[in-house]
Amino acid sequence: MRFLLTDEQAAFGRSLDAMLTAADTPSVVRAWAAGNAVPGNALWARLAEAGVFALAVPEAYAGVGPLPVELAVACVELGRHAVPGPVVETVAAAVLLARLAEDGEAGPAKRLLPALAAGAAKATLTLQDCGPYALDADSATYLLTVRGDELRLAPGYGALQASADPARRLYRPEPGGELLASGPAVTAAAAYAADHASFATAAQALGTGLALLDRTVAYVKQRTQFGTTIGGFQAVKHRLADTLIGLEFARPLLFGAALSMISADIAAAKLTAGEAAYAAARTALQLHGAVGYTEELDLSLWLRKARPLRDAWGTPSECRAKVLAGP
């Protein structure tokens with residue numbers, strides 16, 4: 001049995017990495033955090049051209065999916081480059097609408113999915129028991145909410161809420177709005193979408209952790225103390241090795257979950273990737289020393305993502321409970 005990405009999947013990841021490296025994503029993230037969505041929207045369009053958002057949309061609605069492995073590859077790279085925007089929420093909304101269509105509620109999917117697949121629209125989403133805040137509601141085309149067994153297009157949103165990561169712009173949706181669907185099918189589709197949101201967040205967390213590790217390794221090879229680079233110190237080597245082991249342990253869990261898409265497997269991947277990314281952030285902060293605390297350093301863009309990604313769409317305790325509950 002093959003446990004590696006195919007050549008095509010690996011090439012897809014490399015092409016995204018090259019594109020995002022050339023896009024100067026740190027400047028895009030800073031603009032997004034300041035409320036300037038223009039560079040982020042331009043990057044979103046390029047990601048759409050690469051087929052990222054079509055991966056979660058069925059072919060019947062102008063997509064190419066569902067392709068969970070390719071989606072994981074894409075989200076790892078988006079996390080590695082700190083791409084801002086409601087990527088996870090757009091994926092979750094697409095999955096929710098597609099599942100509703102499978103259960104006989106095809107109207108919302110026909111109306112919304114083609115634009116999401118093409119990148120012409122963004123979606124953000126709140127689900128009952130998954131937190132009250134809609135990510136980047138100010139830049140989203142569709143603000144979807146599920147309360148009870150009702151799926152609605154929210155009429156608006158409240159004031160911007162403070163976040164540990166300024167690029168994660170959080171808003172509370174206003175109640176009411178257009179009713180898109182209701183009934184047991186909405187409840188089932190929402191649970192399915194929540195698992196996909198947790199899965200995509202796990203992939204972003206893994207990419208964030210890998211970026212933090214790469215930047216820290218590069219830094220300790222340059223920083224000198226007592227006449228030698230600090231990367232040669234045994235304690236630093238051990239700390240970096242532990243960080244690498246945590247991230248590499250999360251990787252097969254993520255891609256294993258992509259093959260099964262079982263709730264317990266997704267929870268295990270989310271738990272492990274989130275904790276590994278958070279550990280990578282603590283390692284990066286400690287080994288960078290005082291400079292690691294500065295917002296001017298690009299490292300801060302990843303440092304401030306690790307903790308929110310660990311808790312978004314499934315806290316560690318919630319993920320542990322799902323793992324213990326089994327399939």
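Which residue stands opposite Arg-152 in E6? Leu-179 does. The model is predicted, so local features need pLDDT of at least 70 and side-chain atom pairs count only at pLDDT 80 or more, while totals for chains, interfaces and linings use all residues. Residues are numbered from 1 along each chain as its sequence is written, and side-chain values use heavy atoms, with hydrogens and water left out.

Strand E4 spans residues 150-153. Helices (H or I, at least four residues) and strands (E, at least two) are DSSP runs, numbered from the N terminus. Two strands pair if DSSP finds at least two bridges between them. E4 pairs with strand E3 (residues 142-147) in the antiparallel sense, over four bridges. Val-146 has Leu-151 in E4 as its bridge partner. Two residues lie between the strands of this hairpin, and Gly-148 takes a positive phi near 65 degrees. E4 is also joined to strand E6 (residues 178-182) by four bridges, again antiparallel. The two faces of E4 contrast: Leu-151 and Leu-153 form the covered face, Glu-150 and Arg-152 the uncovered one.

Leu-151 also belongs to the largest nonpolar core, which has 91 residues. A nonpolar core is a set of buried Ala, Val, Leu, Ile, Met, Phe, Trp, Tyr and Cys residues joined through side-chain atoms within 4.5 Å. Buried means under 20% relative accessible area, exposed over 50%, and partly exposed in between (1.4 Å probe, protein chains only). The residues with the most contacts inside this core are Leu-47, Leu-96, Leu-113, Leu-151, Phe-199 and Leu-254. Helix H7 gives the most to this core, with 17 residues. Contact means heavy atoms within 4.5 Å. Not counting residues up to four places away in sequence, Leu-151 touches residues including Leu-96, Leu-144, Leu-180 and Val-186. A second, separate core has 13 residues, among them Ala-211, Ala-281, Ala-284 and Trp-302. In soluble globular proteins, nonpolar side chains tend to be buried together.

Helix H7 (residues 184-220) also carries Asp-195. Asp-195 counts as buried because its relative accessibility is 13%. Leaving aside neighbours within four places in sequence, Asp-195 is in contact with Ser-263, Ile-266 and Lys-322.

The structure holds 15 salt bridges. A salt bridge is a side-chain nitrogen of Lys or Arg within 4 Å of a carboxyl oxygen of Asp or Glu. Arg-80 bridges to Glu-77, with the closest N and O atoms 3.3 Å apart. These two residues are three apart in helix H4 (residues 68-80), so about one helical turn separates them. Glu-77 is buried, at 9% relative accessibility. Arg-80 is partly exposed, at 21%. Arg-80 also meets Asp-214 in a salt bridge (3.6 Å, N to O). That pair links distant parts of the chain, from Arg-80 in helix H4 to Asp-214 in helix H7, 134 residues apart. Asp-214 has a relative accessible area of 45% and is therefore partly exposed.

Another salt bridge joins the side chains of Arg-310 and Glu-275 (3.5 Å, N to O). Arg-310 lies in helix H10 (residues 299-311) and Glu-275 in helix H9 (residues 263-288), 35 residues apart, and the pair links distant parts of the chain. Arg-310 is buried, with a relative accessible area of 13%, whereas Glu-275 is partly exposed at 26%. Salt bridges that share partners join Glu-275, Arg-307, Arg-310, Asp-311 and Arg-320 into one network.
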